[in-house]
Amino acid sequence: MAREVTHEENGPAKLDESDMGDDGMIYVCQCGLSDSKPLCDGSHNATADEEDGVIYKYVNDDADGERREIGELDEADE
Ligand code: FES
């Protein structure tokens, strides 16, 4: 599983205590689909059924939007 996302920011995000969840942890989005980057907003759930070896693109990087297959990973990339 993999996906292509478009990032428009060009600098770091500063996190502080206000970014902590109720459990005292800060969850950073690694799937690229969060509307609250750099924080996870649960959008990664849309990736649960992605197949290994396939590259996906979500329209407008929206987890609720259409998902297309745009390629395959080479074995060397996995
Ligand atoms: S890891 Fe990206 S929204 Fe949770």
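**Overall form**

The structure is a predicted model. The protein chain has 78 residues, of which 6% count as buried. Its C-alpha trace spans about 40 × 25 × 25 Å along the principal axes. The secondary structure amounts to 0 helices and 3 strands, and the pattern read along the sequence is β-β-β. Among contacts in the protein chain with a separation of 6 or more, 36% are accounted for by residues 24 or more positions apart.

**The sheet**

The 3 strands form an open sheet with mixed pairing, in the order S1-S2-S3. S1 and S3 stand at the edges with a single partner strand each, so one side of each has no neighbour in the sheet. From one strand to the next, the twist averages 35°.

S2 and S3 are paired in the antiparallel sense, over 5 bridges. Within this part of the model, tyrosine 56 stands opposite glutamate 69 in S3, and valine 54 stands opposite glutamate 72 in S3. The number of buried residues among the 6 of S3 is 0, so S3 lies largely in the open.

**The loop between S1 and S2**

Strand S1 covers residues 2-4 and strand S2 covers residues 54-58, with proline 38 placed in the loop between them. The peptide bond that leads from lysine 37 to proline 38 is cis, with omega near 10°. Most peptide bonds are trans, and most residues other than glycine have a negative phi.

In the model, the span of residues 10-50 is 0% helix and 0% strand. The C-alpha atoms at the ends of residues 10-50 lie 28 Å apart.

Threonine 6 also lies in the loop between S1 and S2. This residue counts as exposed because threonine 6 has 8 C-beta neighbours inside 10 Å, where 12 or fewer is the limit for an exposed residue.

**The loop between S2 and S3**

Strand S3 covers residues 67-72, and asparagine 60 is found in the loop between S2 and S3. Aspartate 61 has its place in the loop between S2 and S3 as well. Asparagine 60 is not a glycine, yet its phi is positive. Aspartate 61, which is not a glycine either, likewise has a positive phi. The values of phi are listed below.

| Residue | Phi |
|---|---|
| Asparagine 60 | about 55° |
| Aspartate 61 | about 55° |

The surroundings of these residues can be described by their C-beta neighbours. Asparagine 60 counts as exposed because 9 C-beta neighbours lie inside 10 Å. Aspartate 61 is buried, because 20 other C-beta atoms lie within 10 Å, and a residue is buried if that number is 20 or more.

**A link between the two loops**

Threonine 6 and aspartate 61 are 55 residues apart along the chain, and their C-alpha atoms are separated by 7.1 Å. Threonine 6 belongs to the loop between S1 and S2, while aspartate 61 belongs to the loop between S2 and S3. In this pair, threonine 6 counts as exposed and aspartate 61 is buried.

Notes: Residues numbered from 1 in each chain as written. Predicted model: local features only at pLDDT ≥ 70, side-chain atom pairs only at ≥ 80, totals over all residues. Helix = DSSP H or I, 4+ residues; strand = E, 2+ residues; numbered from the N terminus. Contact = placed C-beta atoms within 7 Å. Pairing = 2+ DSSP bridges. Axes fitted to C-alpha atoms, helices over the stretch in contact; angles between N-to-C directions.
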